[in-house]
Amino acid sequence: AGAMAEPGALALLVPQHGAPSCPHGPALLFVKTGQGKEEGRRFYACSACRDRKDCNFFQWEDEKVSQTRLAAREEYNRSHQPSFTHRQNVERYKNFVQLPLSKRRFCQECQQLLLPAEWEKHSDHQFLRDISTAQLKSPSQLLYPLENKKTNAQYLFADRSCQFLLNLLIDLGFRRVLCVGTPRLHELIQLKASQEDFRVRSLLLDIDFRYSQFYTEDEFCHYNMFNHYFFGGEAAHETCRKFLYEDNGERVIMITDPPFGGLVEALASSFKKLMAMWKETGKEGHNNKEMPVFWIFPYFFESRILDFFPSFNMMDYQVDYDNHALYKHGKTGRRQSPVRIFTNLTPSMIVLPVEEGYRFCTVCQRYVSSGNQHCEICNSCTSKDGRRWKHCDLCKKCVKPSWFHCNNCNCCALQTHSCEKTDAGCFVCGKAGHKRSACPSLSHT
């Protein structure tokens with residue numbers, strides 16, 4: 001059951017039997033789709049790392065792997081697991097908290113809380129001293145972000161977005177939040193819960209094992225969202241299930257903020273499994289309902305997400321990030337963040353802050369950004385990027401303000417675009433009048 005793929009792109013397949021594993025759990029099965037040619041040879045590759053430098057796991061699907069190589073692979077996978085287990089990290093944390101401030105050190109090179117007996121081993125490393133309780137409660141500030149775009153892409157919510165999300169959840173009546181790859185939101189919830197009479201609880205599922213130093217096994221599960229793999233095995237799976245089951249699965253929402261370079265179909269597959277886990281709570285009336293979800297992703301993935309989740313809608317709220325130069329909430333033009341919330345909740349319930357320029361459209365029954373004008377012809381608020389879009393009668397839809405209708409291409413595009421029907425013609429045969437992908441000289445299967 002391969003997903004739709006562009007020519008020359010990778011398509012994800014469902015393996016017929018168990019997939020081989022790398023240090024990041026079961027690998028995914030891919031096939032390269034040729035340019036009008038037959039499918040390529042199928043292969044397994046790491047689910048989490050799109051870059052071979054981070055994890056170079058590769059195996060042809062039809063390859064026979066010798067016992068020796070299998071044993072070597074198992075040994076390799078074992079040796080690439082973290083040096084402490086989650087339980088050991090929880091014990092270490094208890095000991096760390098009892099130390100006087102002058103003895104609390106954090107090794108910046110190993111990204112690890114250090115107990116006095118370990119100082120010697122890390123003596124030539126850079127470390128932070130006098131780690132306060134406040135710092136321990138804000139691990140996302142203490143740890144450096146893993147900014148490899150394709151694997152971790154740890155861009156952390158700016159305070160504005162984080163506070164907005166939490167307030168929105170509280171107003172909507174949610175009491176439990178499954179945070180899938182949203183450590184800042186989890187941190188904010190945990191912080192509030194420890195300081196005041198605060199009823200919301202959260203569980204963080206994240207591939208970044210460094211968080212196991214700061215959270216108990218009920219607060220954090222080491223999880224890969226690309227292959228729905230719990231590194232802690234059945235016990236961690238059970239922790240997640242129990243969290244979803246509480247109160248018969250009522251008033252729980254999943255919030256996820258995946259790396260934008262990640263494969264949408266792999267993510268959708270995992271999220272469907274988490275949603276199915278919730279459905280199994282067996283609550284009356286759950287049969288035709290979906291677990292509430294906020295999937296935070298750039299607006300240009302809208303059609304891909306809706307392919308997998310037809311019940312989702314895209315909200316106009318711009319999510320911004322602390323450590324991302326481009327994804328900042330701004331007032332003008334191209335500087336605006338392209339990141340949005342996709343949700344299966346009724347759009348009219350998602351109240352967006354009027355003081356930030358959002359307003360309610362009574363026709364669309366949802367909040368939209370101030371530049372998003374309702375188009376009478378399309379009968380919807382059509383802007384995706386926060387700027388006011390304009391209607392093109394020839395294209396029969398609204399387009400970006402910087403686009404103009406090109407009679408050569410018979411569609412709207414930037415004025416500087418290179419026409420499909422230029423004299424240069426097709427890349428394959430050189431003739432004019434068609435695109436490379438529709439070239440008759442390619443044998444279509």
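Buried, as used here, means under 20% relative accessible area, while exposed means over 50% and partly exposed covers what lies in between. Keep that cut-off in mind for this predicted model, starting with Glu118: its relative accessibility is 17%, so Glu118 counts as buried.

**Salt bridges**

Glu118 has a charged partner. Its side chain meets that of Arg92 in a salt bridge, 2.6 Å from N to O. Arg92 is buried too, because its relative accessibility is 10%. As for where the two sit, Arg92 belongs to helix 2 (residues 86-97), whereas Glu118 is in the loop between strand 8 (112-114) and strand 9 (127-128), so the bridge ties together parts that are 26 residues apart in sequence.

Next up is the pair of Asp320 and Arg160, whose closest N and O atoms are 2.6 Å apart. This one links distant parts of the chain: Arg160 is in helix 5 (residues 159-171), Asp320 is in the loop between strand 16 (313-314) and strand 17 (339-343), and 160 residues separate them. On the accessibility side, Asp320 is buried at 6%, but Arg160 comes out as partly exposed at 21%.

Then there's Arg304 with Asp307, a salt bridge at 3.3 Å from N to O. Both residues are in helix 9 (residues 302-308), and because they are three residues apart there, about one helical turn separates them. Asp307 is partly exposed, with a relative accessible area of 45%.

Here are those pairs side by side:

| Pair | N to O distance |
|---|---|
| Arg92 and Glu118 | 2.6 Å |
| Asp320 and Arg160 | 2.6 Å |
| Arg304 and Asp307 | 3.3 Å |

How many salt bridges does the count come to? The total is 18 salt bridges. Some of them share partners, and in that way Arg160, Asp320 and Glu356 are joined into one network.

**Helix 7 against helix 8**

Now for a bit of helix packing. Helix 7 covers residues 233-245 and helix 8 covers residues 264-279; their axes come within 9 Å and cross at roughly 55°. The crossing of helix 7 past helix 8 is right-handed.

Which residues make the contact? Helix 7 brings His237, Cys240, Arg241, Leu244 and Tyr245, and helix 8 answers with Leu274, Met277 and Trp278.

Conventions:
Residues numbered from 1 in each chain as written. Predicted model: local features only at pLDDT ≥ 70, side-chain atom pairs only at ≥ 80, totals over all residues. Heavy atoms only, no water. Axes fitted to C-alpha atoms, helices over the stretch in contact; angles between N-to-C directions. Helix = DSSP H or I, 4+ residues; strand = E, 2+ residues; numbered from the N terminus. Left-handed = near helix turned anticlockwise from the far one by under 90°. Contact = heavy atoms within 4.5 Å. Salt bridge = Lys/Arg side-chain N within 4 Å of Asp/Glu carboxyl O. Buried < 20%, exposed > 50% of the residue type's maximum accessible area, 1.4 Å probe, protein only.
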